[in-house]
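Let's take a walk through this structure, one piece at a time. Have the sequence and the model open side by side as you read.

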Amino acid sequence: MSAAQAMGWLLAFITRLITGAQGHWKGSPPKAEQRIYFANHQSHFDWVLIWAALPHDLRAQTRPIAARDYWTSSRFKAWLTHEVFNAVYVSRQRSADEDPLEPLVEALQSGDSLVIFPEGTRSNKGEPQAFKAGLYHLAEQFPGVPLIPVWIDNVQRVMPKGEVVPVPILCTATFGAPIQLAPGEDKRAFLERARAAVIEQRPVIT
Amino acid sequence: MNWLAELTTNEQVSALFVTLFGALLLVTAVAVLLSVRDSSDARSERRARFRRDLRAVWVGAVVFWLAWISGATGATIVVGFFAFFALREFITLAHTRRGDHRSLILAFFIVLPLQFAFVGTRSFDLFSVFIPVYVFLAIPVVSALAGDPERFLERNAKIQWGIMVCVYGLSHLPALLLLQLPRYGERGAFLIFFLVIVAAGAQIVQELASRRLRRRPVARHIDRSFSYRAWAAGVAAAAVLGAALWWITPFDPMRAAAMAALAGGAGTLGDLVMRALKKDAGVRWWGNRSSVTGAVGLLDRVAPLCFAAPVFFHSVRWYFRVAG
C-alpha cells in the first residue's frame, strides 16, 4: 500500500468516526458509471464527507475540484490533493484566453466522475445560494452524463468557520435522482431547477 | 450447582458465555424456522422488529464477550467507544450552537477519555465525582468564555445531560467488571450479566404487561404505554429474575431480588425519561430513520443501561462499603 492510499484510508476512517458519513442513496444507486455529483457547500469538510460516503471502489474515479493557487501552495497540500484525492485543478484568476471549465471538460472526457459545488463558495445560511453557470455548461457539453443532486446535512456543525478541531456529529449525504438538461431549456431555469433538486434531498426529521 | 462452585473463576465465566451463546443460537434457530413456516403480512412487521432486536442482542453479547477476553484495558476501551457513539448520537439531535464548539470538544476528547481512564486504573472515588463535580463546572465555564448568552442554560443543560447519560452512565459497565468485592474476586462479568438480564427482563415484561393491561397511560404525551401497574410488573419480574440468579451474585436470594428490582426499576424509568427527551428533540428513535445504510439507534438500546448501571454500581459498592 502506498503512502497516498494509506492516507486516503486513514482520512475515510476518521471521517466515519467523527461524522458517520452515511450515504443515503434515495434516487440513484451507487454505481460505477460516469457521473457529475453537485452538492450544497457549507464547509471545507464537504468534499471529504461525500468521498467517505461513496463505496470504496467508486472513490478512485470520483474527483474533486481544487483551486490551484491554494491547494498547490505547499508540498503537503499538493500531495494531498494530487496523490490522495486526484483533484482537478482550476485557477481562480480568469485570464482572457482561458476557459475556466477546460480542466473539468478534460477530466470528463477521460471518463472520470466529478463532485462540484455550484454555489462557488461556502454558505451557512441554510438554503444554498444561486448556482453558478458552470453546471449548465457541463450539462450542455456532456448530455450523456447523469447529474446527481446531493444534500450534505449537518456538516457546518462539525467544523464551523475558524475552528480547527471537528466535533463528532452525525452527518448524511443524500443522493437524489439524476436530472438532465431538457432540450432548449433556459440557463437560468435549469440552474434554478438544479438548486431545487439539491434542496429536495434535505432530510426532514419526523 | 456444587460442581459449578468448584470451577475456577475463569472456567465459571467461560461457562457463562457458553450458556449465553448457546441460548442465543437456539432462539435464532427457532426464529429462522418460524420465518420459513408462516409468511402472513400482519406478522411481518412484528417479525422484522423481533429480528432487529435479536440482532442487537447478538451484537451486545459479542461485545460483552470481546470486552471480557480483552481484559480490563480492552473492556474499558470497548465501552469507551460505545459511549463515544452514544454521545455523538445524543449531540446530533440536541441543537447546539456555534458557541458550544469548545465545550463539545472538551466533552468528547477530554472528559470522555479521562472518565474511562479513571475506570481502567480503578480510581473509583475520582471516577464517581469527576463528572458530577468537576465537569459540571468546567462545561459552563468554557461555554461562558465562548461569549454567546443565547439560551445559555438550555445549551449547557443539554451537554451536561449528554455527558451524564452517555459517558458517566456507560462508564459504570466496565467499572462493574473491575470492581473487586470481598469473597467474590474477579467475577465482575457475572454482575454485568446480572444487570443486563434484569434490566432487559424488566423492560420486556413492562412492555408485555402494558399491552395486556391496557391501563390509562400516566403521561400520554410522552409514552402511550407507560402505566404504574405495568411498571410495577416490570420491577416485580426483575426481582423474580434476580432471585433466580442469586447464585451468580455475591448476594443472598432476598438481597439479589432487591438489587434486581432496583436496577430494573431504574432502567425502565430511565427509558421513560429518554422517550421524553426524544419527543423534545422531535424524533421517534435516535437512529436516523431515513437511513438506508447503517441506521444505528444505539442510544435506544443502551438508554435503560445508562440509568440502571450507575444506580446498581453504587448500590453494590455502598452495600459492601468497598473502598477504592
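Before we look at any one residue, a quick word on burial: a residue is called buried if 20 or more other C-beta atoms lie within 10 Å of its own, exposed if 12 or fewer, and partly exposed in between. Keep in mind, too, that this is a predicted model.

Now try that on Leu208(B), which you'll find in helix α8 (residues 188-213) of chain B. Leu208(B) has 14 other C-beta atoms within 10 Å, so it lands in the partly exposed class. For a sense of distance, pick Gly80(B), 128 residues away from Leu208(B) along the chain: the two C-alpha atoms are separated by 32 Å.

Staying with chain B, let's look at its domains. Where they touch, domain 1 of chain B puts in 19 residues and domain 2 of chain B puts in 17 residues. On the domain 1 side of chain B, the elements giving two or more residues are α4 (71-93), α6 (124-145) and α7 (152-178) of chain B. The largest share of that side, 10 residues, comes from α7(B). Sort the domain 1 side of chain B by class and you get 15 nonpolar, 2 polar and 2 charged residues.

Over to chain A, and its sheet. Here 7 strands form an open sheet with mixed pairing, in the order β1-β7-β6-β2-β5-β3-β4 (chain A). At the edges stand β1 (22-25) and β4 (88-90) of chain A; each has a single partner strand, so one side of each is left without a neighbour in the sheet. Going from one strand to the next, the twist averages 25 degrees.

As a reminder, strands of a sheet pair through backbone hydrogen bonds, either parallel or antiparallel. Zoom in on one pair: β3 (residues 62-67) and β5 (residues 113-116) of chain A run parallel and are joined by 3 bridges. If you look for the partner of Arg63(A) in β5(A), it's Leu114(A).

Last stop: helix α7 (residues 134-141) of chain A. Which of its residues are buried? Leu135(A), Tyr136(A), Leu138(A) and Ala139(A) are. They cover an arc of only 165 degrees around the axis, which puts them on the same side of α7(A).

Key. Residues numbered from 1 in each chain as written. Chains lettered and ligands numbered in written order. Predicted model: local features only at pLDDT ≥ 70, side-chain atom pairs only at ≥ 80, totals over all residues. Pairing = 2+ DSSP bridges. Helix = DSSP H or I, 4+ residues; strand = E, 2+ residues; numbered from the N terminus. Axes fitted to C-alpha atoms, helices over the stretch in contact; angles between N-to-C directions. Arc of directions from axis to C-beta. Contact = placed C-beta atoms within 7 Å. Nonpolar A, V, L, I, M, F, W, Y, C, P; charged D, E, K, R; others polar.
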